[in-house]
Amino acid sequence: MKSTTVVQSMINAIDKPAIFITPDYVIHAVNEAYLETYDTEVLLGQSRCHQISHHSNEPCDKHGEQCPLQQCQSTARAANAVHIHNTTEGRSYCDILMKPIKDDNGIIMGFLEILDAIDYASTESKKDSMIGESAPFKQMLNKINRASQSNIAVLLQGETGAGKELVAKAVHASSNRKDKPFVVIECTGLSESLFESELFGYEKGAFTGATTTKKGLIEIAHGGTVFFDEIGDIPMNMQVKLLRLLETQCYRAVGGLKQKRSDFRLVSASHKNLLDLVEKGEFRRDLYYRIAGFPIYLPSLRERKEDIPVLANHFVKLSEYKHKKFSANALTLLSQYPFPGNIRELKNVIEQSALIANEDIIHGSDLPESITHSKPATVNQPQTSDTKVISLDNLEAEYLSKVCQQFQGSPAELAIMLNVSVRTLYRKLQRYGLKLTVVN
């Protein structure tokens with residue numbers, strides 16, 4: 001058996017908050033970073049992890065969160081989850097990595113828990129942070145945190161107004177390039193001449209009006225991150241040049257002869273179905289696979305309706321009407337609205353309502369007619385004692401069967417929407433004897 005001293009030495013060598021726990025959640029070793037993170041005293045051999053992190057006598061799965069310890073126990077493999085912990089800084093997001101630790105005989109003796117703080121997200125109003133605590137929001141945070149740990153090309157996919165630029169900034173801010181530039185390139189309406197001069201810069205005298213030499217955005221971004229917003233709008237004739245840039249990270253300024261090189265991390269975004277564009281011949285297949293190294297799906301606001309109240313109060317605090325608050329009725333009406341414009345639309349609605357409200361309380365009658373006259377979203381009826389209970393396997397099989405009948409995209413796109421790998425999707429389809437019809 002590995003001694004307590006060996007385990008403690010292993011914990012001390014980790015620069016992030018870390019603990020060693022047994023299957024009963026009891027903490028047996030802890031490092032200084034962990035002790036500094038929480039305001040509750042850790043008593044080795046007595047304190048349980050959920051008592052320290054959640055101020056609760058029950059494990060986190062009893063309160064709607066995934067328990068990485070239980071995942072670890074069932075699979076004997078490492079597991080991770082995004083949780084909200086009660087830290088010295090208040091309720092804070094963290095990404096938990098749980099690993100089984102084996103003794104000299106290969107028997108699991110306990111589990112190593114390592115915490116990674118997520119500073120770019122919050123459960124309450126905080127400037128320049130992503131706000132929310134719904135399950136889809138946490139899944140997105142997990143993807144962002146994974147992407148930030150490497151230089152892999154990231155593709156953000158989701159509806160217009162879902163907050164792609166904020167996510168792109170989060171990927172950059174949590175990476176090892178955070179101290180270098182974050183450069184945004186708006187691809188919509190970018191002409192070929194503007195594409196080259198903006199991206200690559202130009203030499204003095206390269207064209208009429210070029211009275212000085214100008215650095216391009218790619219050169220400015222050296223060492224940092226380049227965010228191509230709405231990359232699906234780039235015309236085919238420019239996609240070849242972009243592909244060459246991404247493959248070699250080399251370019252020439254307009255009117256220049258010298259080849260330059262820029263070391264940058266690529267993040268792209270599009271509200272369009274890029275795989276559909278590929279099939280239609282409107283987007284290069286090789287460019288798609290160059291930019292889609294790590295796809296991240298951004299949930300729409302209607303998929304994370306429980307986040308609407310905290311987002312509404314967040315936008316009020318950021319406005320000139322920060323002293324105003326929403327009534328319970330107003331928050332209910334906002335939560336029932338589908339918000340086709342997503343977070344961007346919600347922000348506009350909040351600012352309008354705050355302006356119209358004559359009192360410090362924003363009532364339902366102060367909301368725009370688009371909200372008050374909207375058809376309420378369908379709410380699932382509570383289960384009665386007569387309702388038939390089916391297994392999760394049968395429920396998954398039934399759901400995938402309906403998806404296979406109705407979905408019009410490719411397997412890769414469906415995998416992204418379901419937040420699983422293509423391999424996992426095919427494995428599930430095979431398990432339930434289902435087949436996805438690929439539309440040409």
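Visitor: Which backbone nitrogen does the side chain of Asp-103 reach?

Guide: The structure shown is a predicted model. In it, the side chain of Asp-103 reaches the backbone nitrogen of Asn-105, at 2.9 Å. A polar contact requires N or O atoms within 3.5 Å, so the pair at 2.9 Å meets that distance limit.

Visitor: Where is Asp-103 found?

Guide: Asp-103 is found in the loop between β4 (90-102) and β5 (108-118).

Visitor: Why is Asp-103 called buried?

Guide: The relative accessible area of Asp-103 is 10%. Buried means under 20%, so Asp-103 is called buried.

Visitor: What makes Glu-186 partly exposed?

Guide: Glu-186 lies in strand β9 (residues 182-186). Its relative accessible area is 45%.

Visitor: How far apart are Glu-186 and Asp-229 in sequence and in space?

Guide: They are 43 residues apart in sequence and 5.1 Å apart in space, C-alpha to C-alpha.

Visitor: How much space lies in the second largest pocket, and which residues are closest to its centre?

Guide: The second largest pocket holds about 1,100 Å³ of space. Its lining has 40 residues, and the closest to the centre are Met-130, Gly-163, Glu-165, Leu-166 and Val-167. The largest share of the lining, 7 residues, comes from α6.

Visitor: How do the residues of that lining divide?

Guide: The lining of the second largest pocket has 16 nonpolar, 11 polar and 13 charged residues.

Conventions:
Residues are numbered from 1 along each chain as its sequence is written. This is a predicted model: local features need pLDDT of at least 70, side-chain atom pairs count only at pLDDT 80 or more; totals for chains, interfaces and linings use all residues. Side-chain values use heavy atoms; hydrogens and water are left out. Helices (H or I, at least four residues) and strands (E, at least two) are DSSP runs, numbered from the N terminus. Buried means under 20% relative accessible area, exposed over 50%, partly exposed in between (1.4 Å probe, protein chains only). A polar contact is a pair of N or O atoms within 3.5 Å; within protein, one must be able to donate a hydrogen and the other to accept it, and residues adjacent in sequence count only if both atoms are side-chain atoms. On a 1 Å grid over the protein atoms alone, a cavity is a set of points where a 1.4 Å probe fits but cannot get out, and a pocket is an open set with protein on both sides within 12 Å along at least five of seven lines; lining residues have an atom within 4 Å of a point. Grid points are joined across faces, edges and corners, and a volume is the space filled by probe spheres set on the points. Ala, Val, Leu, Ile, Met, Phe, Trp, Tyr, Cys and Pro count as nonpolar, Asp, Glu, Lys and Arg as charged, and the others, Gly among them, as polar.
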